[in-house]
Amino acid sequence: MSDGWRHGDRLHDECGVVGIFDHAEAANIAYLGLHALQHRGQESAGIVAHDGAGLRVHRGVGLVADVFGERELSLLPGRHAIGHVRYSTAGGTGLANAQPIMVRYGGGQVAVAHNGNLTNADTLRARLEANGSIFTTQSDTEVIVHLIARSLAGGFEARLVDALRQIQGAWSLTVLTEDRLIGARDPHGVRPLVLGKLGTSYVFASETAALHLIGAEYVREVEPGELIVVDGNGLRVSRPFAQARRRACVFEHVYFARPDSRIFGESVYGVRKALGAWLARESGVEADVVIPVPDSGVTAAIGYAEASGVPFGMGLVRSHYVGRTFIEPAQSIRHFGVKLKLAPVPEVIRGQRLIVIDDSLVRGTTSSKIIALLRAAGAKEVHLRIAAPPITHPCYYGIDTPERTQLIAASHSVPQMAEALGCDSLAFLSREGLLEAAGGESKGFCDACFTGNYPLPLTDLKAR
Ligand code: SF4
């Protein structure tokens with residue numbers, strides 16, 4: 001999540017994963033890759049590396065730079081590695097649930113890093129526990145390793161496929177054993193996963209931003225339902241799962257992914273600009289300046305300004321130094337909230353009719369404070385434009401969302417929301433505009449948080 005400052009009024013991506021096979025500095029490469037994926041999860045980070053004798057792991061709570069220093073990386077020698085950054089959705093926070101999960105079972109050692117969320121994890125877990133499995137975490141990912149360990153199929157890959165055929169939901173995985181690295185993506189392709197090459201070494205990552213940072217070349221997306229095995233013989237691709245309609249998470253384009261990444265075959269920057277341009281065409285309004293809510297609204301605001309002809313201005317400056325651990329020290333200054341994180345630029349705002357672009361609206365609590373801040377700084381009019389449709393339903397596929405009752409758009413009409421937020425006008429991007437900007441509906445997207453049409457079974461998950 002890039003806007004950690006709005007913890008609580010933002011959707012949060014669950015995780016990012018990387019993997020590299022046959023590189024002299026595998027753990028260092030994984031570490032750099034995780035840095036580029038830090039926006040996908042800030043609660044914990046971990047790397048498992050293979051040093052020829054076995055797998056070794058280091059995990060910790062905090063940002064990648066806090067969890068790993070020279071010492072930690074020096075304890076992870078070897079030519080193969082996988083890594084993970086986590087923002088918890090399934091399972092609690094803390095070290096016990098940090099990934100990659102690494103176990104030793106009858107077939108050897110295996111480590112798994114997972115981005116997504118399993119929707120039948122409770123059912124599988126209950127069945128496994130009834131048969132004697134002992135779980136050490138609350139993470140749904142641990143279900144996968146138990147299924148691998150209990151599989152009667154012959155050979156690791158057959159065991160893994162047997163396990164993955166039993167799980168439902170969203171999963172993009174990197175898996176490391178003593179002699180191979182595997183990248184796999186669920187048949188609907190909900191979460192992203194890409195394949196790259198660094199010299200002669202193959203790399204997997206959630207986003208191409210990780211490939212750019214380590215200097216790897218982008219090869220292609222791991223296609224939905226693909227299992228790609230990299231070992232001493234090179235690379236093998238199989239499609240061992242029943243085919244399903246592609247259902248890529250459209251919210252990756254709206255907010256989660258980094259603008260310099262390519263997601264689902266499209267440039268995130270290009271899509272975000274197109275979201276802003278569609279928004280301008282659908283809900284233009286007379287104004288003097290277009291300002292983004294930084295950082296996540298910037299790209300859409302550039303697109304809006306270009307399409308509307310209204311000049312772009314940085315009317316809000318974000319402080320990057322207010323950490324998530326910031327504690328407001330006394331009741332008397334507890335109301336500073338948004339002011340600590342966003343500062344208005346009076347020269348851009350005073351006396352002006354503003355179009356304020358944000359990427360999405362969740363609870364609305366932060367937006368109302370921003371609008372009050374802009375009015376206090378002298379804005380003449382504030383027109384809020386959201387570069388996504390109203391979020392009316394929670395996500396069950398790997399994104400942390402508030403309960404439905406907390407989503408302002410689930411219970412308020414647009415005029416009611418405008419009144420509650422205190423803006424002069426409010427408009428959202430249409431669903432059609434969103435899907436067109438993301439490459440067209442025929443590409444196959446999940447848009448359930450905007451529509452309630454959940455494309456994957458919610459076996460263990462009751463509507464919240
Ligand atoms: S419900 Fe929303 S956030 Fe969740 S996978 Fe679907 S589009 Fe993405």
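Visitor: Why are α9 and α10 called oblique to each other?

Guide: This is a predicted model, where local features need pLDDT of at least 70, side-chain atom pairs count only at pLDDT 80 or more, and totals for chains, interfaces and linings use all residues. Residues are numbered from 1 along each chain as its sequence is written. Helix α9 (residues 268-282) and helix α10 (residues 298-308) pack at about 45°. Angles under 35 degrees count as roughly parallel, over 145 as roughly antiparallel, 65 to 115 as roughly perpendicular and the rest as oblique. So α9 and α10 are oblique.

Visitor: What do the residues of the contact of α9 with α10 divide into?

Guide: Eleven are nonpolar, four polar and four charged. Ala, Val, Leu, Ile, Met, Phe, Trp, Tyr, Cys and Pro count as nonpolar, Asp, Glu, Lys and Arg as charged, and the others, Gly among them, as polar.

Visitor: What makes α5 oblique to α6?

Guide: Helix α5 (residues 141-150) and helix α6 (residues 156-164) pack at about 130°. That angle makes α5 oblique to α6.

Visitor: Which residues in α5 meet α6?

Guide: I144, L147 and I148 in α5 meet R159, L160 and A163 in α6. Meeting has a cut-off: C-beta atoms, placed from the backbone, lie within 7 Å. The residues of this contact divide into five nonpolar, no polar and one charged.

Visitor: How many residues of the shell around the ligand are charged?

Guide: One is charged, ten are nonpolar and none is polar. The residues surrounding the ligand include C249, F251, D447 and C449. A residue is near a molecule if its C-beta atom, placed from the backbone, lies within 6 Å of it.

How values were computed:
Axes are lines fitted to C-alpha atoms, for helices over the stretch in contact, and angles run from 0 to 180 degrees between N-to-C directions. Helices (H or I, at least four residues) and strands (E, at least two) are DSSP runs, numbered from the N terminus. Two residues are in contact if their C-beta atoms, placed from the backbone, lie within 7 Å.
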